[in-house]
Amino acid sequence: MYAIVSTVSVENVQEARSMLASAREPIVSRAPGIICAYWLEPIDGVGMSVMVFESRDFADAAASYPLPPMPGVKLLNLEIREVFAHI
């Protein structure tokens, strides 16, 4: 398994949170090879997401997929990492 771990700057936490259901969840839930995805609470204006995929190929494809922008949210960093263990 491989995870896409990304951080974003968030200007308006409530607005960004309310947009997840329409702007991200439907797209990510249909991504080939997706196992699970989590969007974590922003701290000091920095949010984080973790999306786990069945393989590196699926994670690479998802990372290169052009997502529609969310107002006030800017990508800071995106990494693909192998999942060593899970429970």
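Guide: Happy to. Let's begin with helix 1: strand 1, helix 2 (25-29), strand 2 and strand 4 are among the elements that cover its buried residues. Contact here means heavy atoms within 4.5 Å. Helices (H or I, at least four residues) and strands (E, at least two) are DSSP runs, numbered from the N terminus.

Visitor: Before we go on, what kind of model is this, and how are residues numbered?

Guide: It is a predicted model, with residues numbered from 1 along each chain as its sequence is written. Local features need pLDDT of at least 70 and side-chain atom pairs count only at pLDDT 80 or more, while totals for chains, interfaces and linings use all residues; side-chain values use heavy atoms, with hydrogens and water left out.

Visitor: Thanks. Which residues of helix 1 are buried?

Guide: In helix 1 (residues 13-23), they are Ala16, Met19, Leu20 and Ala23. Those residues span an arc of only 130° around the axis, so they lie on the same side of helix 1. The arc is taken from the directions from the helix axis to the C-beta atoms. Buried means under 20% relative accessible area, exposed over 50%, and partly exposed in between (1.4 Å probe, protein chains only).

Visitor: And which exposed residues sit on the face turned away from that side?

Guide: That face of helix 1 carries Gln14, Arg17, Ser18 and Ser22.

Visitor: What goes on at the start of helix 1?

Guide: Look at Asn12, in the loop between strand 1 and helix 1. A side-chain oxygen of Asn12 comes to within 3.2 Å of the backbone nitrogen of Gln14. The Asn12 side chain also reaches the backbone nitrogen of Glu15, at 2.9 Å. A polar contact is a pair of N or O atoms within 3.5 Å; within protein, one must be able to donate a hydrogen and the other to accept it, and residues adjacent in sequence count only if both atoms are side-chain atoms.

Visitor: How accessible is Asn12 itself?

Guide: Asn12 is partly exposed, at a relative accessible area of 37%. Asn12 and Gly45 are 33 residues apart in sequence, yet their C-alpha atoms are 8.2 Å apart in space.

Visitor: Switching to the sheet: in what order do the strands come?

Guide: The order is 2-3-1-4, in an open sheet of four strands with antiparallel pairing. Strand 2 (34-43) and strand 4 (73-82) are at the edges with a single partner strand each, so one side of each has no neighbour in the sheet. On average, neighbouring strands are turned by 15° against each other, direction ignored. Two strands pair if DSSP finds at least two bridges between them. For the angles, axes are lines fitted to C-alpha atoms, for helices over the stretch in contact, and values run from 0 to 180 degrees between N-to-C directions.

Visitor: How many bridges join strand 1 to strand 3?

Guide: Eight bridges join strand 1 (residues 2-10) to strand 3 (residues 46-53). Val8, for instance, has Gly47 in strand 3 as its bridge partner.

Visitor: What about strand 2 and strand 3?

Guide: Seven bridges join that antiparallel pair, and Leu40 stands opposite Met48 in strand 3. Strand 2 and strand 3 form a hairpin with two residues between them, and Asp44 in the turn has a positive phi of about 55°.

Visitor: I see a serine in strand 3. Is Ser49 buried or exposed?

Guide: Ser49, found in strand 3, is buried, with 6% relative accessible area. The side chains of Ser49 and Ser6 make a polar contact at 2.7 Å. Apart from neighbours within four places in sequence, Ser49 is in contact with Ile4, Val5, Ser6, Tyr38 and Trp39.

Visitor: Now charges. How many salt bridges are there?

Guide: The count is two, where a salt bridge is a side-chain nitrogen of Lys or Arg within 4 Å of a carboxyl oxygen of Asp or Glu. One joins the side chains of Arg56 and Asp60 (3.0 Å, N to O). Arg56 and Asp60 are four residues apart in helix 3 (residues 56-63), so about one helical turn separates them. Arg56 is partly exposed at 37% relative accessible area, and Asp60 is partly exposed at 31%.

Visitor: And which residues meet in the other?

Guide: Arg81 and Glu79 meet through their side chains, also at 3.0 Å, N to O. Arg81 is partly exposed at 45% relative accessibility, as is Glu79 at 30%.

Visitor: Last one: what does Ala63 touch?

Guide: Ala63, in helix 3, touches Ile4, Leu78 and Ile80, not counting residues up to four places away in sequence. Ala63 is partly exposed, at 29% relative accessibility.
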